[in-house]
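Q: Got a model open here and want a quick tour of the fold. Can we go through it piece by piece?

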Amino acid sequence: MTDSFLTIEKSSVCELIEKKSRFIGYAEPVTTEADALSFISRIKAKHWDARHNVFAYFIRENCVCRYSDDGEPHGTAGVPILDVIKKNELKNVVIVVTRYFGGVLLGTGGLVRAYTQAACLALERACVVKMLLCCDCSLICDYNQYGKLVKIIEDCCGVIDRTDFSLGVTVFFHLIKDNFSALSKKVSEVSSGQLQCDVLGERFYSF
């Protein structure tokens, strides 16, 4: 498992008409296969009257990828959508393309082009982002040390999530895992070894 991957920032929807057939593309960021299946079920319920609800997804954990042509000729719908996901090197993404048949046959080439285009349009609107493995951290300091420590966090590309002010100051922040050693060293130097950062956990954040 790497310390970074590409995914999409938000949900999106697009629509295109191809020879009177209506294609509606949905892209959704997910973290588990259960999330992907739940989203697919919601789209199928929403478009219960459509001829086809084609899907594909790629889940980072265990590299799980699945697709369905949902009644379209084999290889003309689900595979092209999955190819779009893979060519963009995306993970934790599910795409569903709903088709309302317009009465005109598109042929295998036409189907591949239409489903590919719908998937690409949905991804464009979803915005691709890079996820980096980060440390969730906390740091307790005095009020007179707060300004210097905030600058150190920012210099190390850390992001402050919240700050609690009481008898002392507790700063909660996250930063890229690879930057943690440099930050710890600077905090120790500026406080003459009196302060240290606590790692509360690890998770991925978008940058």
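Q: Which residue is the bridge partner of F58 in β6?
A: V93 is the partner of F58 there. This is a predicted model, by the way.

Q: OK. How many bridges between β4 and β6, and in which sense do they pair, parallel or antiparallel?
A: Seven bridges, antiparallel. β4 covers residues 52-59 and β6 covers residues 93-100.

Q: What packs on the sheet around there?
A: Helix α1, residues 33-46. Its contacts on the sheet are with β3 (21-29), β4, β5 and β6. The direction of α1 makes about 165 degrees with that of β4.

Q: Back up a bit. What's the strand order in the sheet?
A: β2-β3-β6-β4-β5. Five strands, an open sheet, antiparallel pairing.

Q: Which strands stand at the edges?
A: β2 (12-18) and β5 (64-68). Each has a single partner strand, so one side of each has no neighbour in the sheet.

Q: And how many degrees are neighbouring strands turned against each other?
A: 15 degrees on average, ignoring direction.

Q: Let's do β2 and β3. How many bridges join them?
A: Seven, and the two strands run antiparallel. One of the pairs is E15 with I24 in β3.

Q: How many residues sit between β2 and β3 in the hairpin?
A: Two. K19 is in that turn, with a positive phi of about 50 degrees.

Q: New topic: α3. Which strands does it lie across?
A: β2, β3, β4 and β6. Helix α3 is residues 107-126 and runs at about 150 degrees to β2.

Q: What's its span from first C-alpha to last?
A: 29 Å for 20 residues. That is close to the 28 Å expected at 1.5 Å a residue.

Q: Which α3 residues are buried?
A: G110, L111, A114, Y115, A118, A119, A122, L123 and A126.

Q: What follows the helix?
A: C127, with a positive phi near 65 degrees.

Q: Last one, T7. Where is it found?
A: In strand β1, residues 4-8.

Q: Buried or exposed?
A: T7 is buried, because its relative accessible area is 6%, under the 20% cut-off.

Q: What lies 2.9 Å from a polar atom of the T7 side chain?
A: The backbone oxygen of K91.

Q: Which other residues is T7 in contact with, leaving aside neighbours within four places in sequence?
A: Besides K91, T7 is in contact with L90, N92, V93, C127, V128, V129 and M131.

Note on methods:
Residues are numbered from 1 along each chain as its sequence is written. This is a predicted model: local features need pLDDT of at least 70, side-chain atom pairs count only at pLDDT 80 or more; totals for chains, interfaces and linings use all residues. Side-chain values use heavy atoms; hydrogens and water are left out. Two strands pair if DSSP finds at least two bridges between them. Helices (H or I, at least four residues) and strands (E, at least two) are DSSP runs, numbered from the N terminus. Axes are lines fitted to C-alpha atoms, for helices over the stretch in contact, and angles run from 0 to 180 degrees between N-to-C directions. Contact means heavy atoms within 4.5 Å. Buried means under 20% relative accessible area, exposed over 50%, partly exposed in between (1.4 Å probe, protein chains only). A polar contact is a pair of N or O atoms within 3.5 Å; within protein, one must be able to donate a hydrogen and the other to accept it, and residues adjacent in sequence count only if both atoms are side-chain atoms. The expected span of a helix is 1.5 Å times one less than its number of residues.
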